[in-house]
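The sequence and the structure are shown first, and the description follows.

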Amino acid sequence: MRRLAGAAGLKDAVVVNTCAVTNEAVRTARQNIRRARRARPDARIIVTGCAAQTAPDDFASMAEVDAVIGNQEKLTPQEWRKLADDPSPDDNDAPTIRVNNIMSVRETAGHLIDGYGDRARAFLQIQNGCDHRCTFCIIPFGRGNSRSVPVRVAVEQAQRLTAAGHHEIVLTGVDMTSYGADLEGAPTLGALVAAILDQVPALARLRLSSVDGAEIDAELFERITGDSRVAPYLHLSLQSGDNMILKRMKRRHTREQAIELCHNLRARRGDIAFGADIIAGFPTETEDMFARSLNIIDEAGLQYLHVFPFSPRKGTPAALMPQLPRTIVKERAARLRAKAADAQHGFLDSLVGREETAIMESGGRARLGNFASVKVTNSDAVAIGAACQLRLTAREGDVLIGEAI
Ligand code: SF4
């Protein structure tokens, strides 16, 4: 967006890219818009992203907002040219709204990029949208149906990012394990990962963002467990540890399958770490059901948890189910976070004393393949983005302390 707006000659504008995943995310977006207006009274405020896509009128009715554009529009040069050509908005003008029907969008990745400045990790979007309809989730209404970037295009992009100096590429998507179903020949995510690893030999580390454990194909399993260039870390879209709640969420895995997947992966690759998203306080969740979400941390061996207190998103089936009191939702989220912190700290403690390869990030931090963050005591000795060998000496809260050797 920055590049497109710059190329179109748009000046003095603030673009707010919103998230719709929870009510809290939408509230924060509105707060940021008000803050941007106070900081830049004369700038044009343009709002886009999933919250704008799903509720354009809510943002257009804010006095601070000059334009609302959709998730497809924000990626087209024409849209930014139109915004740049708009005459300076008058305080009395109604905001511009250009948000199309996202369900009609069939293409993705008009916005592949050449690099990410001095960021150590580059993100490569290989898929967008989602054909599933989990009962709590608003995302398909913000992103549209599933669509994939062709293997050849993704490989070329990985080659460019690697040539630009990125040692680590993170593959991203809304529902990555659905990758390829819409492409000719229906290549799987495993086939794409294999193509990138084989055709971009200079790439040091390939990382996958969140995956749906129910849909890991055989080739993907082989590459994760058998290729050391794939980061030994998998983030699972788990959501609950209880089968009845998983059913009410319309998820496609059971508790037992998730635990088995973690065990099978760990049996083949001992250094692998797991993260997971879990929702606390989904409608109808009893204390027993919640206890199963708590104890799946130990049973599956999870190290990093993203805990979401359940947030009823308007327009989703779960918003119409019997809700739990907010105090219970918050209290369960806090218990999950406390248990997750113990699991993470135990895992980090087990790494102290070891020597590990890491990639240097900004702010004196480095990242291990297993996603552990390390504060590097002699970080001046290592360039941002470079691979380095660290001796891990201690843990401080959620980070390890290490020395480049
Ligand atoms: S698979 Fe993921 S993105 Fe798709 S509806 Fe379910 S939670 Fe939302």
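The description concerns a predicted model. At least three residues of the core come from each of domain 1 (2-100) and domain 2 (121-350).

**Domains and their contact**

The protein is divided into domain 1 (2-100), domain 2 (121-350) and domain 3 (355-404). The centres of domain 2 and domain 3, taken over C-alpha atoms, are separated by 25 Å. Where the two meet, 17 residues of domain 2 are in contact with 10 residues of domain 3. On the side of domain 2 that touches domain 3, S11 and helix H13 (326-351) each supply at least two residues. The largest share of that side, 4 residues, comes from H13. Sorted by class, the side of domain 2 that touches domain 3 has 7 nonpolar, 6 polar and 4 charged residues.

**Strands**

Strand S1 (residues 13-18) and strand S2 (residues 44-49) run parallel and are joined by 6 bridges. Within this pairing, Val16 has Val47 in S2 as its bridge partner. Together with helix H2 (residues 23-39), S1 and S2 make a right-handed β-α-β unit.

A parallel pairing also links S10 and S11, again over 6 bridges. Here Ser237 stands opposite Asp277 in S11. Is strand S10 (residues 233-239) largely enclosed or largely open? Strand S10 is largely enclosed by the rest of the structure, because 7 of its 7 residues are buried. In a regular strand, side chains alternate between the two faces of the sheet. Both faces of S10 are covered: Tyr233, His235, Ser237 and Gln239 are buried on one side, and Leu234, Leu236 and Leu238 are buried on the other.

Arg255 has its place in helix H11 (residues 255-268), whereas Arg251 lies in the loop between helix H10 (243-248) and H11. A residue counts as buried if 20 or more other C-beta atoms lie within 10 Å of its own. Arg255 has 21 such atoms within 10 Å and is therefore buried. Arg251 has 22 C-beta neighbours inside 10 Å, so Arg251 counts as buried too.

| Residue pair | Separation in sequence | C-alpha to C-alpha distance |
|---|---|---|
| Arg255 and Ile296 | 41 residues | 7.9 Å |
| Arg251 and Cys134 | 117 residues | 6.2 Å |

Further contacts place these residues among their surroundings. Not counting residues up to four places away in sequence, Arg255 touches Gly241, Asp242, Asn243, Leu246, Arg292 and Ile296. With its neighbours within four places in sequence left aside, Arg251 is in contact with Cys134, Gln239 and Leu246.

Terms used. Residues numbered from 1 in each chain as written. Predicted model: local features only at pLDDT ≥ 70, side-chain atom pairs only at ≥ 80, totals over all residues. Domains from an automatic or database assignment. Contact = placed C-beta atoms within 7 Å. Nonpolar A, V, L, I, M, F, W, Y, C, P; charged D, E, K, R; others polar. Pairing = 2+ DSSP bridges. Right-handed = clockwise from strand over helix to strand, strands pointing away. Buried ≥ 20, exposed ≤ 12 C-beta atoms within 10 Å, placed from the backbone.
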